[in-house]
Amino acid sequence: MLTHSAAEIRNMKRGELRKLSDSARRKVSRNFGFRQSGYINWIVKDGYFFCLQHLGFASVYLEAKPMYADDLWWDIFNLSENKKCPTSLRGIGAFSIHAAQLKEYAFLNECAEENNEEELSKKWQNIFCLAVQDIENFLRNHPNADTFIPNKNCNYDADKLLYFITLLHNGRKNEVVQAIKELKAKGHSCQFCDWASGMDSYDFILKWCKG
């Protein structure tokens, strides 16, 4: 007789719950103008890419970045062809810039009892309502995507790439070069690397800054 361990049963139940949640999320998101791709829902507004990221059950994160950020980064990193890809790549792409985290919303705990799409839809309805309000608040504080610069002391991206890209976009090249040289002197290792050339994100930015 085929038997399953308690852990396997929990994983199967979580898999079923994930399918129900994803289905509910897709239906609710359409009512708010968001599109869905895998674990994200996204919308472009006033020059920003806003993304709701839902990797685990516990939390959902609202993130934002200027639309130009990935375009400029891909030019610097020699991946300009990515600009022709679907917009969702900015949220799920392996070589896309980490967006600034704006909010965290609680979703389901480990002992979640919501096991039907109706209850899950209610939860997603609430989250999207909050997200829309937070996006409007963000846009009131940062109406111009071209001049937006995130907090450099962020914990969502150890490489601070979004921060550096926004500085470059605003003509503050010297600040970027100085900051990167200081980080490299401390032995900082970047997430994005080109193994063929041995260059990391900072090397590509310094090369781009030299022209």
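Predicted model: local features only at pLDDT ≥ 70, side-chain atom pairs only at ≥ 80, totals over all residues.
Strand E5 covers residues 100–106, and it pairs with E4 in the antiparallel sense over 6 bridges.

Now look at the other neighbour of E4. Strand E3, residues 48–53, also pairs with E4 in the antiparallel sense, over 6 bridges. One of the pairs you can pick out there is Phe49 with Lys65, the latter lying in E4. The two strands E3 and E4 form a hairpin, with 5 residues between them. As for E4 itself, which spans residues 59–66, it is mostly covered: 7 of its 8 residues are buried.

Let us step back to the whole sheet. Strands of a sheet pair through backbone hydrogen bonds, either parallel or antiparallel. Here the sheet is open and has 5 strands in the order E1-E2-E3-E4-E5, with antiparallel pairing. Its edges are E1 (35–37) and E5, each of which pairs on one side only. On average, neighbouring strands in this sheet are turned by 25 degrees against each other, if direction is ignored. At the E1 end, 3 bridges join E1 to strand E2 (residues 40–45), and these two run antiparallel. If you want a residue pair to find on screen, Gln36 stands opposite Asn41 in E2.

What packs on this sheet? Helix H4, residues 117–141, does so, touching E2, E3, E4 and E5. The direction of H4 makes about 150 degrees with that of E3.

The cysteines come next. A disulfide is a covalent bond between the sulfur atoms of two cysteines. How many disulfides does a search of the whole structure find? The count is 0. For Cys209 the reason is distance: the closest cysteine sulfur, in Cys190, is 13 Å from its own sulfur, so the two are too far apart for a bond. Cys209 counts as buried because its relative accessibility is 10%, under the 20% cut-off. Cys51 also counts as buried, at 2% relative accessibility.

Finally, two backbone angles deserve a visit. Most residues other than glycine have a negative phi, and most peptide bonds are trans. Asn78, however, has a positive phi, near 60 degrees, and is not a glycine. You will find Asn78 in the loop between helix H2 (68–76) and helix H3 (89–92). Is Asn78 buried or exposed? With a relative accessible area of 53%, Asn78 is exposed, since the cut-off for that is over 50%.

Lys160 also has a positive phi, of about 60 degrees, although it is not a glycine. Its place is the loop between H4 and helix H5 (161–169). Lys160 is buried yet has no salt bridge. Which side chain of opposite charge is nearest to Lys160, and how far away is it? It is Asp157, at 8.4 Å, whereas a salt bridge would need the charged atoms within 4 Å. Leaving aside residues up to four places away in sequence, Lys160 touches Lys152, Asn153 and Cys154.

Technical notes
Residues numbered from 1 in each chain as written. Heavy atoms only, no water. Buried < 20%, exposed > 50% of the residue type's maximum accessible area, 1.4 Å probe, protein only. Helix = DSSP H or I, 4+ residues; strand = E, 2+ residues; numbered from the N terminus. Pairing = 2+ DSSP bridges. Axes fitted to C-alpha atoms, helices over the stretch in contact; angles between N-to-C directions. Contact = heavy atoms within 4.5 Å. Disulfide = S-S within 2.5 Å. Lys, Arg positive; Asp, Glu negative; His and termini not counted.
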